[in-house]
Every structure is written in C-alpha cells, then in structure tokens.
Amino acid sequence: MATVALVGAVALVAACAVWAAVAASPWWWCAAGPLLLCSAVGAYDVAQRRHSVLRNYPVLGHMRYLLEVIRPELQQYFIERDFDGRPFDRDTRSTVYERAKGVTDQDPFGTERDVYRPGYEFFVHTVMPRPTPEKPFRVRVGGPHCAVPYEMALLNVSAMSFGSLSSNAIQALNRGAAEGGFAQDTGEGGISDHHLRYGGDLVWELGTGYFGCRTPEGDFDPEEFARKAAWDTVRAVSLKLSQGAKPGVGGVLPGSKVSAEIARVREVPQGETVVSPSYHRVFSTPRELVRFIGRMRELAGGKPVGFKLCVGRRRDVLAVCKAMLAEDLTPDFITVDGAEGGTGAAPLEFVDHIGVPLTEGLNTVHNALVGTGLRDRVAIGASGKVATGSDLVKRLVQGADFTNAARAMMFAVGCIQSQRCHANTCPVGVATQDPRRTRALDVADKYRRVQRYQQATVHSALEIIASLGADSPAQLGPHMLYRRTAPHRVASYADLFDWLSPGQLLTGEDVPSPWARDWEDADPDAFTA
C-alpha cells in the first residue's frame, strides 16, 4: 500500500506541474516531463508481476538492473587490483597491449605479487647465464611417416574460427602470422577466404562437424579434405577431440548466425542451425583414432597431422599410446588444451569443473609418450592461458615443444576482455559478425600489433631460457621451475610430479603405482566409459 501511495503522490505532483506549465509558465514542463515519465514507469512497475523488486520498489528498483548491466566494467576498471583479475589480470593484459604497440613493458619498484603465498611459481636462474639467442628457435613437427615436416614457431595463434571471430580479426591474425613467420590454427569452423587472404601458415583444424570437408549428412568427405589439405598455406592438420572450455560437450551454431558466407565456408545450409556432436563419427576406439590419423596424413600428401585434446582420464591417453605401438602409427603432434583455456562460450559447469588443467594435462601426455618410448616421434603443443614469456617457458619446462595463444592474440588485436564474445556485441569488433562493429577493427594497424606481440613474447622467453643457463629449449628441465606449496616450503616440478624414463612403461621397472595401474587397465580397442 505504501508503494501505491508513493506512486500516487508522484502522479499528483506531476499533475500539479502540468497545471503550472499550462497556467503559469512553459518552464514548468522541465519538471512535469520527468515526473510524468516516473509516474508512468511507477504505475507499470506496480502492476507487472514478473519482477518482485520493481513491484516493491517502483522506479528506484531499475537502478539495480542498471548496476547489474555495468557491473563487469565497474569491477574491471575501478575495483579489481592489477594482479587478481580473471580470467586475465590487468598486469597480463597490459603486458600484451604494450608489447603489441611496441611500448617498453618495464615495471618499477618490485613485484606486487605475494611471493610467500602457496601456489606462487618461480624459475631458479644460474649464476652464469647464457647469451640470449639472436634468432628464435623453431620446432620440427613431423614424425617418421611425415613426408613434409613443418618448422613450428615457439608461439602461434591458437584455434579460433571464422564465425566466432570477425572477418577483420581473422585477417589481422593471418597477416600478422604471415609477416612474423608463425602459424595460425583455423579453429574447427573451416578455412575461410579471410584465412587465405595474406598467405599466413595455417594449421587446419577439423572438429566433430568436419566443417569444410563434410558430406550433406555431416560425415567426413575424404576427397574434399584432400583437395583443401593440398593448398600451400595449409602446413599441418589437427583433429580436435576436445577443447579446454567444454571438453565432452558439442556445440550449436544457431541458424540466425549461419550467414551465406559462413554457410559456404562450413558447407552447411544457410539459415539452418548446425549441431557439432560431442563425439566423432569416423572412429570410436583408440586404434581407430590412430588409423584415421594415418589416413588423414596420406590424404594430406604427407603433411603433419596431429590431434588436440583436453586431457581427461589418464588411461585413455595410455590407451591411445598402446594403439600407436600396436599399429606402429603415431601422430606428428599432440596439442594439449588446458581446462583453463577457451575463447568460446560454454556452460558454466563445464568451464569451471570439467577437464584437466594444462599443467597436469601436459605432464600426462609428455610422460605417457616418454614411458612408451614414443616421445621423439611426437611433438607436443600447449594451449591454455599462454600470454607472456614466462608462461611460454613454464610450458616448455613441463613438457611442451611449442605453445599456442588465443585470448592473448585477441588482446593484441584490441580485445578488452568485455566477455561479450557469445552475444555478437563485442565492443571492439573482434568477436562479432555485426559489420558495424567489425569495421572498428583496422586490419592494417592490428596485424602489426599481432606480429610485435608474438616477437616480443618469444624474445622474452629466450631471455628467460638464457637466464636459466640453457642454450636451447631442449636443455630445460622440471628442476628449473619451483612452486610454493606452503608459506615456508617450496618444491621443484621434478619433485612435485612423477617423471617416467624412456620406455619405462614397457619394461615395467619401478613404475609409479598410479601409472602402473592405468597402464594395465588401458585398452587399445576401447575408451573407458
């Protein structure tokens, strides 16, 4: 009743203001207009039944919804500290922005981080550092069955599809890769004209939808795959088993987003909803997966072929290794995607609680390959929150040969972490298909930022490697990286994790019990249920 009385009082005052405007002076309309609007809004709020807040607090209750809308911006710009923002803190974003712009990224007055807090990680340097290499190292990707190996950079553009990113963003990334001499993963959305425009090296990714080489029924089309894999800019092919943001779940592209161009690239009907299954149709066992990898390599003319996954059960990884041994077939590379990664939208439960983080995932894949004597045949890539030189070196220490970055590359082309990627309302034209928003991203300016960011980050990694006393990434080891496990206790990665010796799983000598149990249970003819 008090609420109704309040609205009535506002209406009465508004009526008096209207009378004054008519009888006395038109200036009274300055008060009458807003009061009339408040009266109308208040009457509607009291009458509607959808929002309890507005029924009890008409007009004023709208402030709550306004603050909810701008809450992320308030949090990011006025509340969060430089080092505690999520998913990427202000310090990390600033580092990427500064390197992309060619600005010196030096920080004075010491670290702001609590170096005695459990979880803090640091490298242990040597008293006799090595000279920083003048040229960045490259990683040869190509096993014994690969006829056309590829020299991969230490940092590359991770998987981001056209459709998820705008045409201008894809072009800026591709031109930056072409000028900087590194690779761009196409994402599972197919190879668009924007991926081809500037001739940057491509890693063509295929997901469960087989976009770009699919039949009308959604199956894998080997002839179309072979035709496109033969393109000069396609330097390697990656089969996506799962991704960090949403391992174990498929995807849906609403028909409203399937434009004529996207339909052509993905080879799907325009305007119809496209469903990517959560599993592949072309294989169902580890042995079938390995055989399909071999078939893809033959169809691709001997170019490197590998797969990407967010690690789940360790026995599944070991089952694939058993299948590799049984078939004498190995992928040329495996890209490990951490559960902390992901540029696309996904259910919150999957984002927060499904999948193995990158550190543990890398440890699993690296040791599985070492323990089965296959490590020298398979290169390992790492993707998942790689943004700085220290991130890159950490992943090399943990077992990777090269790294991929997605969100950091988005920062380089102008992303401000507004987290509106799924809403088609990206304010800077990176993750949107709205042409009015896309035009804000200038390719001629942003590609240089991509190139500068990649070069500066790799150079930073080389400086760190030299400070550790290593002449190359091959000399890095887990004893060089430490983690604080308690306020007064630290341990190196050599002590925190099990590290198998070459062929140890095959000989069975002193295998740690968890590994021995999973190795025994791994079946090359079945993934665990």
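These are legends for a set of close-up views of one predicted protein model.

Before you zoom in, residues are numbered from 1 along each chain as its sequence is written, and side-chain values use heavy atoms, with hydrogens and water left out. Since this is a predicted model, local features need pLDDT of at least 70 and side-chain atom pairs count only at pLDDT 80 or more, while totals for chains, interfaces and linings use all residues.

View 1. Helices (H or I, at least four residues) and strands (E, at least two) are DSSP runs, numbered from the N terminus. Of the 529 residues, 50% are buried; that word means under 20% relative accessible area, with exposed being over 50% and partly exposed in between (1.4 Å probe, protein chains only). The protein exposes about 25,200 Å², and carbon and sulfur atoms supply 54% of that area, worked out by the Shrake-Rupley method with a 1.4 Å probe, where for residues only the protein chains shown count as cover. Take the contacts (heavy atoms within 4.5 Å) with a separation of 6 or more: residues 24 or more positions apart account for 69% of them.

**View 2. Helix 8 packs against helix 10.** Two packed helices are described by the angle between their axes and the distance between the axes. Here, helix 8 (residues 222-229) and helix 10 (residues 286-299) meet at an angle of about 55 degrees, and their axes are 9 Å apart. That makes helix 8 oblique to helix 10. The axes are lines fitted to C-alpha atoms, for helices over the stretch in contact, and angles run from 0 to 180 degrees between N-to-C directions. As for the cut-offs, under 35 degrees is roughly parallel, over 145 roughly antiparallel, 65 to 115 roughly perpendicular, and the rest oblique. Look for Pro222, Phe225 and Ala226 on helix 8, which meet Arg295, Met296 and Leu299 on helix 10. The residues of this contact split into five nonpolar, no polar and one charged. In this sorting, Ala, Val, Leu, Ile, Met, Phe, Trp, Tyr, Cys and Pro are nonpolar, Asp, Glu, Lys and Arg are charged, and the others, Gly among them, are polar.

**View 3. Trp204, Tyr210, Phe220, Phe225 and Phe292 form one aromatic cluster.** The whole structure has eight aromatic pairs. Rings of Phe, Tyr and Trp (its six-membered ring) pair if their centres lie within 6.5 Å; planes under 30 degrees apart are stacked, over 60 edge-to-face, and the rest tilted. Trp204 and Phe225 make a stacked pair, at 5.3 Å centre to centre with 25 degrees between the planes. Trp204 sits in strand 6 (residues 201-206) and Phe225 in helix 8, so the pair ties together parts that are 21 residues apart in sequence. Both Trp204 and Phe225 are buried. Phe225 also pairs with Phe220: the ring centres are 5.4 Å apart and the planes are at 55 degrees, so this pair is tilted. Phe225 has 0% relative accessibility, and Phe220 is buried too, at 8%.

**View 4. Tyr210 and Lys385 both have a positive phi.** Most residues other than glycine have a negative phi. Tyr210 isn't a glycine, yet its phi is about 50 degrees. You'll find Tyr210 in the loop between strand 6 and helix 8, buried at 0% relative accessible area. For Lys385, phi is near 60 degrees. Lys385 belongs to the loop between strand 12 (379-383) and helix 14 (389-397), and at 30% relative accessibility it counts as partly exposed.

**View 5. Ser161 is buried in a loop.** The loop runs between strand 4 (155-157) and helix 6 (167-180). Ser161 has a relative accessible area of 9%, so it counts as buried. Leave aside its neighbours within four places in sequence, and Ser161 touches Ile170, Thr186, Gly187, Glu188, Gly189 and Arg266.

**View 6. Leu329 sits in the loop between helix 11 (314-327) and strand 11 (333-337).** Leu329 and Arg377 are 48 residues apart in sequence, and their C-alpha atoms are 9.8 Å apart in space. Beyond its neighbours within four places in sequence, Leu329 has contacts that include His145, Val290 and Arg377.
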